[in-house]
Amino acid sequence: MAVPVTDRPDAATPAGPPPPGPRTKGPWLVAGAVTVVLAALAHRYGYHRDELYFLLCGRHLDWGYVDQGPLVPALARAMDTLAPGDLVVLRTPSALIAGAAVLLVAALARQFGAGRGGQLLAAGTAAVAGVVLATGHLLSTTTVDLLVWLAAAYCAVRVLRGDPRWALGLGAVLGVGMLNKLLPALLGVGLLAGVAIAGPRRLLRDRWVLAGVALAALLAAPNLSWQAAHDFPQLAVASSIADGDSSYSGRLDAVVLQLLIISPMAVPIWVAGLVALLRHPRWRAYRALGWAWLVVFGIVLVAGGKGYYDAPLLLVLAAAGAVVTADWVRTVPRRVLLAAAAVVAVTGSAVLLLPTLPADRLPGFVVEVNYDAGETIGWPAFADSLAAVHRGLPPEQRQRAVILTGNYGEAGAVARYGPARDLPRAYSGHNSMAEFGRPPADADVVIAVGWDRPDQLRGWFEQVSLAGRVDQCIDVDNDENGGPIWLCQGLRRPWDQIWDQEVRHAG
């Protein structure tokens, strides 16, 4: 069946979408439970490498960074100022955002006409979704993106229901979201393309929609201006991601992730939602949403972006699918549903996505499935490994030694745990770390970590020798454990000659 692209409904199509479903307290209870569980587990394991980076960026507040906007660094600084070094406080906003995401998915289902059961199913699907729980455990730009995309989708649904004034809310959400990352612009492109394909095309010239676009541009202007003034460094980061130099990148991974990012058991729900949005006669007004996901995912696939970029839209599809699935669910014995929910919650969520198991007995398959889990383990021991090398230097070398790290997480770990171990300052050319300063001119003794091969280091230093290895005291397969620590001496060229051209790198 071809998807209609006209704005005019045929005679057999009802005049408008079904009315919103009844209000219910069930989603609030589910959302509250998600926030409480995430807050209770927030102290487990340790900082993620990105969180350590955000704390450093927060010390250098600006309107933009190489790989992000100012929103999360500012939030990280605020939380760390409120309670320095407190991981629970740092992650509290994420736990609240995860609960809000559950409510928004249920609210979307209600707008699609879901009854109490359908709204509860939508909330439950979101509550055990990988993109909700994994990002709700960490403070990250992805966490904020989740809230931005879902809030924007809710505003878009209200516009499509016939109230274009909600376009101002949509513009405000997208504009603020672009102070986090520029990805909400991709959602905006998807929504505009969806309206152009499926209608109602009159929205493309509606004064409220045009005002919303202007508002989004106005709010995003500080970050966009910073990017323009620095030659749009995010394009270099995007190119590096497209080349596969980052986690969760690669076109095949992007396709596979669509089946996993919520839950494998939720795939039939969001697929049913996509089909309903594109084909259900009474949902003709919402067809732009189905096309928005197709357009956004297509762009991610062609451009080689990370496979989770479109994940919030999958939750929008799941909200629609919950309406379709709710009627079928009534025919299934309740015991079967409870058993299925328990399997998803315990195996898919509690074990794989949340830090419920002891860090020193974490099975290898957990890190293989959830890369971010491994990146929250062992940072104090990482700093201990560097401190052992530093203490072994002669006193005159210790005085002028610095640390050079391969990535921003390692530099953030030294900033967080180094002072208590008398470690010198760490420098890195990774992303915005390169903007935070380079080593002083007389720093000719360098402890380098994060380079598996010393070839590049030998181009900068006369002597490069293996001084030790990172021992995180736990058998975990992450990017640092077991990595070499190099002692480098004798600069071949001054730092100001090699920093921007050779040390600086994006990814």
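Reader: What should I know about the model before we start?
Author: The model is predicted: local features need pLDDT of at least 70, side-chain atom pairs count only at pLDDT 80 or more, and totals for chains, interfaces and linings use all residues. Residues are numbered from 1 along each chain as its sequence is written, and side-chain values use heavy atoms, with hydrogens and water left out.

Reader: How is the chain divided into domains?
Author: Domain 1 covers 25-353 and domain 2 covers 379-505; these bounds come from an automatic or database domain assignment. The C-alpha centres of the two domains lie 36 Å apart. Their contact (heavy atoms within 4.5 Å) takes 15 residues from domain 1 and 17 residues from domain 2.

Reader: And what area do domain 1 and domain 2 bury between them?
Author: About 1,400 Å², with 62% of it on carbon and sulfur atoms. Buried area is the accessible area (1.4 Å probe) that two parts lose on being put together, summed over both.

Reader: Which three residues supply more than any other three of the area that domain 1 buries?
Author: Arg-49, Leu-52 and Tyr-53 supply 42% of the area that domain 1 buries against domain 2.

Reader: How many salt bridges are there between the domains?
Author: The count between domain 1 and domain 2 is 2. A salt bridge here is a side-chain nitrogen of Lys or Arg within 4 Å of a carboxyl oxygen of Asp or Glu. Arg-49 pairs with Asp-479 in a salt bridge, the closest N and O atoms being 3.6 Å apart. Arg-49 and Asp-479 are also linked with Glu-375 and Glu-480 in a network of salt bridges.

Reader: How many residue pairs are in polar contact across that interface?
Author: The rule finds 8 residue pairs, both residues at pLDDT 80 or more. A polar contact is a pair of N or O atoms within 3.5 Å; within protein, one must be able to donate a hydrogen and the other to accept it, and residues adjacent in sequence count only if both atoms are side-chain atoms. On the side of domain 1 that touches domain 2, the largest share, 6 residues, comes from helix α2 (residues 49-58). Helices (H or I, at least four residues) and strands (E, at least two) are DSSP runs, numbered from the N terminus.

Reader: Now the whole structure: how many salt bridges does a search find?
Author: It finds 12. One of the salt bridges joins the side chains of Arg-421 and Asp-384, at 2.5 Å from N to O. Arg-421 is in the loop between α21 (408-417) and β2 (426-428), whereas Asp-384 is in helix α19 (residues 379-391), 37 residues apart.

Reader: Is Arg-421 buried, exposed or partly exposed, and why?
Author: Arg-421 counts as partly exposed because its relative accessibility is 23%. Buried means under 20% relative accessible area, exposed over 50%, and partly exposed in between (1.4 Å probe, protein chains only). Asp-384 is also partly exposed, at 38%.

Reader: Which residue forms a salt bridge with Asp-455?
Author: Arg-453 does, with the closest N and O atoms 2.7 Å apart. Arg-453 counts as exposed at 59% relative accessibility, and Asp-455 is partly exposed at 46%.

Reader: Let us turn to Gly-374. Where does it lie?
Author: Gly-374 lies in helix α18 (residues 371-374) and is buried, with a relative accessible area of 0%. Leaving aside neighbours within four places in sequence, Gly-374 is in contact with Val-367, Val-476 and Asn-478. The C-alpha atoms of Gly-374 and Gly-46 are separated by 10.0 Å, although the two residues are 328 apart along the chain.

Reader: What joins Gly-199 and Pro-200?
Author: A cis peptide bond joins them, with omega about 0°. Pro-200 is found in the loop between α9 (184-198) and α10 (207-229).

Reader: What is phi of Tyr-45, and where is that residue?
Author: Phi of Tyr-45 is near 60°, a positive value in a residue other than glycine. Tyr-45 sits in the loop between α1 (26-41) and α2.

Reader: And phi of Cys-473?
Author: Phi of Cys-473 is near 65°, again a positive value in a residue other than glycine. The residue Cys-473 is in the loop between β4 (461-469) and β5 (484-491) and is exposed, with a relative accessible area of 65%.
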